[in-house]
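I opened the model today and kept notes as I went. Each entry records what I looked up and what came back.

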Amino acid sequence: MERIKLSFPADTPPLSVIAALHISSSPVTIDSSSSAAATVPTFVFSDGRKLSGTCVLLRYVARSAPSLPGFYGHDAFESSHIDEWVDYAPVFSSGSEFENACTRVDNYLQSRTFLVGNSLSIADVAVWSALSEYAEPLNKVAAYTLKKGSGKPVAAASKSKDQQTDANDKGKPEVDLPGAVMGKVKLRFAPEPSGYLHIGHAKAALLNKYFAERYQGEVIVRFDDTNPAKESNEFVDNLVKDIGTLGIKYERVTYTSDYFPELMDMAEKLMREGKAYVDDTPREQMQKERMDGIDSKCRNHSVEENLKLWKEMIEGSERGLQCCVRGKLDMQDPNKAMRDPVYYRCNPMSHHRIGNKYKIYPTYDFACPFVDSIEGITHALRSSEYHDRNAQYYKVLEDMGLRRVEIYEFSRLNLVYTLLSKRKLLWFVQQGLVGGWDDPRFPTVQGIVRRERRVLLTLTDGPDEPFVRLIPKHKKFEGAGEKATTFTKRIWIEGADASAISVGEEVTLMDWGNAIVKEITKDEEGRVTALSGVLNLQGSVKTTKLKLTWLPEITELVKLTLTDFDYLITKKKLEEDDEVATFVNPYTKKETLALGDSNMRSLKCGDVIQLERKGYYRCDVPFVKPSKPIVLFSIPDGRQHQPLSAAK
C-alpha cells in the first residue's frame, strides 16, 4: 500500500482533513517533523508526488475510502452537491458572514439529517469542522490523531493557561475591527439608564469585551443619560451590577451629562457656522416634511435669529419649548437620516444626576459622535438597525471638525416570544404583571440569573487535573449500565443547595464523598455567589444533613429545558352545564433552564431518565448541538399534585 504523509502549519491544523482521516481510518501518517515548514495542508506520497489544499485533500480522502461508499456521494449529482458544500465551508471563517452561514445551514437541516443524501459525507465534515461550537471536540480528534502518528499534538490542541484566552485561537471564528492597532483600541459600552440590562444589550457589551481583549485595548462604560423623562439612578446602579455579572472589566464610568457644557458650546458653534438652525415647526409637520424632502421655513434663519431662539430654549421659556435645534445636512438625500436631524430639544424636566440645571438636552444623534471622539474612542460598536444613520454619524463629526471614529456593525439579536423593548418591558412592570425588572420571565440579565441559579464550589485540595471514573447509572439497578463521570477541582451545585450551607458544615457530594465548606461568598443582596472547601472522603455519609448533586466545571455539560405540565382545567370534574372558559387553567406549562451531565448527549427521543432529586423525565428533543437545549418532559410520579403558578 502506498505510504502517504500529511504535513501542515502547526498553528492551523486542517481539522476537517484530520477528522475525515479518523472517520475513514485512512492509513495516512502525520509527519510532525515537516509541519513547521508547511504553508498549506499537503499530502506527500512515497514517490514524491504532492497534493495541497484542504478541499483537495478532503476529496482525496473521500474518494479513497472504500469502507464509506457515500463519503463522496453515491452518484455524480451528490458528488457535485458535496463539492458545493465543501467550497462553501470557508465562509464560516468570515466574521461578518458567520451568522448568515449558520442560519443557512440551520434552515437547510430542518428536514434533513445529512447535508447531502442519506449518509455522512465530507460535506458534513467540512461544515461542522468550520463551526466554532465544535472546535473543541475536533481539536481533541486532531490531538488524538497526531499523538497516534507522531507523539506530538498540534499547538491548537495543547495550549498553556496563558494561551487559553489568546485572541488568535484558530478554533474560533475571527472577527476583525477595521483599522485596529494592537494596544491602541478604545471601545465604549453606552447603555441608556432607562431600564435593566437585557440579553440584547449583553451581546453588545460582550462584543466590546471580546475586541478589547483581542486587541489588548480598553472598554469604558458610558451612560447615555440625555433623556431625563425615562432615566433614574436605580437603572444606573443596576446596569453597573449587570455589567459586573457579565464579567466585563472596564477602565472607568463616564456620563454623557459630563459633557453638557461642551455639547452646548458645539451646538452654538454650528449655528454660527451655518451648519445648524433652530426650528419651531410642529413635530407632526416636521416629520412629514422630512419624509417628503421639504425644507423647513426656518432653515434659512439668520445666525442672530437662531441664537435668539437658542437662548429661549436654554431658559426653558414658553417660546423655547416650541423649538428644537436641527443640523443643516441635506433635505433631498435619499437616506432620510440625513434630512436635517434634531440635535437639541427643550425639556424642563429634572435630570436624575444634575437636577434642574438644564432645560435643554442633546439627542443621541448629536451627543454620541461628539462624546465618542472627545473620549478617544477608536471604534463604536452599533447594531445594524442603525445602519442608515452611519452616514449621519460621520457627517456630524465632519461638521464638528472632530476626529473620525470607525463604526463597526453587528447584527441585532432577534428572539421569538420575547420582548427586548425597554418601553414594553416597563409596561409589564408598571402593570404589576411581573415582580419587577429581575422577574425570571424577563430577558434581563438579573431575570435570567434568577432562572438558572448555580454556584461554583472550589475544592482547594481537589484534583489538579480532571479525571474520569465509570460509575453505575443507577445505584440499585445494575442493568442500567455505567456512565463516565468527570471529577474536577471546581464543581457546580444548585443555588438553593448553596444557600442552605453554613460555614464549617460537612456535606456529601453524591457519587464522590464528603466535603467541608470553609468559606461562603455572598453578593450585596445576601445571595451566595461562591463556595470554597476541602474534601473529607473518609467522612461518613450518615453524619451529613445535605446530600448534594453536582456537576464538574467542564465545557461538555449540556443545556436542558425541564418541562412540567399541569391540568388544563381547575375543576376536578366539569358538569354538563359548566362553562369551560370559566375553569381554564392559565398556568399549565412551566419550563426550567438547567445544566446536565455530558452523558445526556446520548439520549434519544422517547428515552426515560431519572434525574437525582428531581424525578423521572422523558426526552422529547435530544441533543443536536451545544447551543440548543435538550428538552425533557416531567413524568408524574403519583405524589400529591402541586399546581403550577404564575410566580414560578
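**Entry 1: a ring pair**

How exposed is phenylalanine 467? I looked up its relative accessibility and got 31%, so phenylalanine 467 counts as partly exposed. I note here that the model is predicted. Next I counted aromatic pairs and found 24 in the structure. One of them joins phenylalanine 467 and phenylalanine 487. Their ring centres are 5.0 Å apart and their planes meet at 10 degrees. The cut-off for stacking is under 30 degrees, so I logged this pair as stacked.

Phenylalanine 467 belongs to strand β15 (residues 467-472), while phenylalanine 487 belongs to strand β16 (residues 482-487). The pair therefore ties together parts that are 20 residues apart in sequence. Is phenylalanine 487 buried or exposed? Phenylalanine 487 has a relative accessible area of 0%, so I wrote it down as buried.

**Entry 2: other rings**

I looked for ring pairs that join up. Tyr196, Phe235, Trp437 and Phe442 are linked into a cluster by such pairs.

Then I searched for charges over rings. Arginine 404 has its charged end over the ring of tyrosine 394, at 3.7 Å from the ring centre. Arginine 454 places its charged end over the ring of tryptophan 492, and there the distance to the centre is 4.2 Å.

**Entry 3: the whole chain**

I stepped back for totals. The protein chain has 648 residues, and 43% of them are buried. I counted 16 helices and 27 strands. I also checked contacts between residues at least 6 apart in sequence: 66% of them join residues at least 24 apart.

**Entry 4**

I traced an open sheet of four strands. Its order is β2-β1-β3-β4, with mixed pairing. Which strands stand at the edges? They are β2 (28-30) and β4 (50-52). Each has a single partner strand, so one side of each lacks a neighbour in the sheet. From one strand to the next, the twist averages 25 degrees.

I zoomed in on one pairing. Strand β1 (residues 4-7) and strand β3 (residues 42-45) run antiparallel and are joined by four bridges. Leucine 6 is opposite phenylalanine 43 in β3.

**Entry 4: helix α1**

What lies across β1, β2 and β3? I found helix α1 (residues 15-24) there, running at about 150 degrees to β1. I checked its cover. Eight of the ten residues of α1 are buried, so by the under 20% cut-off the helix is mostly covered. Among the buried ones are Leu15, Val17, Ile18 and Leu21. Just past the end of α1, I noted serine 25 with a positive phi of about 55 degrees.

**Entry 5: around β20**

I looked up the partners of strand β20 (residues 528-536). Strand β14 (residues 454-459) runs parallel to β20, and four bridges join the two. Leucine 459 is opposite glycine 533 in β20. Strand β19 (residues 513-522) runs antiparallel to β20, with eight bridges between them. Lysine 522 has valine 528 in β20 as its bridge partner.

I checked the connection too. β19 and β20 make a hairpin, with five residues between them. In the turn, glycine 526 has a positive phi of about 85 degrees.

Most residues other than glycine have a negative phi, so I looked up exceptions. Glutamine 216 is not a glycine, yet its phi is positive at about 55 degrees. Glutamine 216 sits in the loop between α7 (199-214) and β6 (218-223). Its relative accessible area is 58%, so glutamine 216 is exposed.

Aspartate 340 also came up, with a positive phi near 45 degrees. I placed aspartate 340 in the loop between β9 (324-327) and β10 (342-346). Is aspartate 340 buried or exposed? With a relative accessible area of 0%, aspartate 340 is buried.

Methods:
Residues numbered from 1 in each chain as written. Predicted model: local features only at pLDDT ≥ 70, side-chain atom pairs only at ≥ 80, totals over all residues. Heavy atoms only, no water. Phe/Tyr/Trp six-rings, centres within 6.5 Å; stacked < 30°, edge-to-face > 60°. Buried < 20%, exposed > 50% of the residue type's maximum accessible area, 1.4 Å probe, protein only. Lys NZ or Arg CZ within 6 Å of the ring centre and 35° of its normal. Contact = heavy atoms within 4.5 Å. Pairing = 2+ DSSP bridges. Axes fitted to C-alpha atoms, helices over the stretch in contact; angles between N-to-C directions.
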